[in-house]
Amino acid sequence: MSLTLPERPSTASGDDAPEAPRIVPARRTGQRITAVVVLVLLGLAINSVVRNEAFQWGVVADYFATTAVLRGLWLTVWLTALVMALGFALGTLLAVMRLSTNPVLRAVSWGYVWLFRSTPILVQLLFWFNIGALYPRILGVRTVDLMGPVTVAVVGLTLHEAAYAAEVVRGGILSVPRGQLEAAQSLGLSRLRRLRRIVLPQAMRSIVPPAGNMLIGTLKGTSIVSIIAVNDLLYSTQLIYHRTYQVVPLLLVATLWYVVVTSLLSVVQYYVERHYARGSADAR
């Protein structure tokens with residue numbers, strides 16, 4: 001009696017081998033059509049702006065680098081830098097007070113942030129501009145002589161920005177892991193030293209992005225001081241077009257300068273963010 005073994009499956013090669021699955025790229029017809037439509041609309045918009053004689057690009061070129069405009073630009077830049085420096089200094093103090101265990105300090109800090117975030121910046125500037133009606137003299141000096149338009153702009157913008165800076169700094173401090181604070185406390189470091197050496201360096205990762213956005217916002221927001229006759233970039237162009245009646249091209253001059261400066265600040269913000277993101281997953 002003989003046994004018949006089952007046949008093994010043949011290991012066919014060549015034409016009998018199963019074909020590998022084909023990888024078919026996804027068709028993104030809708031995205032491509034949308035991109036083409038967007039490019040066409042963008043091209044039409046650019047062509048309309050460039051070829052529209054009403055923009056008076058020749059006038060824009062003539063006034064773009066005039067002395068009056070550059071003087072106003074310089075005031076806008078240093079006003080922005082001063083307000084941001086003073087605003088973050090005061091905001092850091094307010095953030096520390098808000099995180100204090102003292103209920104009085106917490107209440108005062110909360111009240112400050114609540115008040116200055118609840119009122120429009122224009123109202124605050126007009127209030128400080130008319131402060132002489134409430135206090136004719138400050139420290140024996142007439143308020144009108146002490147609080148000129150530029151001083152009013154610095155005071156008003158600084159107090160306003162400090163309220164937002166306080167929340168930015170407070171959020172950055174709260175982002176530091178609790179264990180870091182406990183480890184620093186176990187080493188016997190004072191509260192001020194823990195804040196300066198441990199907390200703030202780590203909190204900068206969370207502080208820098210919104211701080212950069214605040215800086216750009218403050219630069220553009222300084223244009224509001226033109227309402228109290230501060231000779232900033234916008235006010236300088238206004239003085240010119242009130243004389244020449246060339247409103248649109250002078251507004252374009254101010255617009256282009258704001259675009260140039262904010263673009264430069266965006267580049268600086270990118271590198272500062274990358275510096276503080278070193279060693280983290282967000283570094284790029």
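Which helix gives the most to the lining of the largest pocket? That's α9, with five residues. Keep in mind that this is a predicted model, where local features need pLDDT of at least 70, side-chain atom pairs count only at pLDDT 80 or more, and totals for chains, interfaces and linings use all residues. Residues are numbered from 1 along each chain as its sequence is written, and side-chain values use heavy atoms, with hydrogens and water left out.

**The largest pocket**
- The largest pocket holds about 440 Å³ of space; Ile-173, Arg-178, Leu-181, Arg-191 and Val-199 are the closest to its centre among the 14 lining residues.
- For the record, a pocket is an open set of points on a 1 Å grid over the protein atoms alone, where a 1.4 Å probe fits, with protein on both sides within 12 Å along at least five of seven lines; lining residues have an atom within 4 Å of a point.
- The volume is the space filled by probe spheres set on the points, which are joined across faces, edges and corners.
- At least two lining residues come from each of α7 (149–174), α8 (178–186) and α9; helices here are DSSP runs (H or I, at least four residues), numbered from the N terminus.
- By type, the lining has nine nonpolar residues, one polar and four charged (Ala, Val, Leu, Ile, Met, Phe, Trp, Tyr, Cys and Pro are nonpolar; Asp, Glu, Lys and Arg are charged; the others, Gly among them, are polar).

**Salt bridges**
- Two salt bridges turn up in the whole structure, each being a side-chain nitrogen of Lys or Arg within 4 Å of a carboxyl oxygen of Asp or Glu.
- One joins Glu-167 to Arg-98 at 3.1 Å, N to O, and it links distant parts of the chain: Glu-167 sits in α7 and Arg-98 in α3 (residues 67–98), 69 residues apart.
- The other pairs Arg-170 with Glu-167 at 3.0 Å, N to O; both lie in α7, three residues apart, about one turn of the helix.
- Together, Arg-98, Glu-167 and Arg-170 form a salt-bridge network.

**Thr-218**
- Thr-218 lies in α9 (residues 191–221) and counts as buried because its relative accessibility is 3% (buried means under 20% relative accessible area, with a 1.4 Å probe and protein chains only).
- Leaving aside neighbours within four places in sequence, Thr-218 is in contact with Thr-80, Val-83, Met-84 and Glu-161 (contact means heavy atoms within 4.5 Å).

Terms used
Buried means under 20% relative accessible area, exposed over 50%, partly exposed in between (1.4 Å probe, protein chains only).
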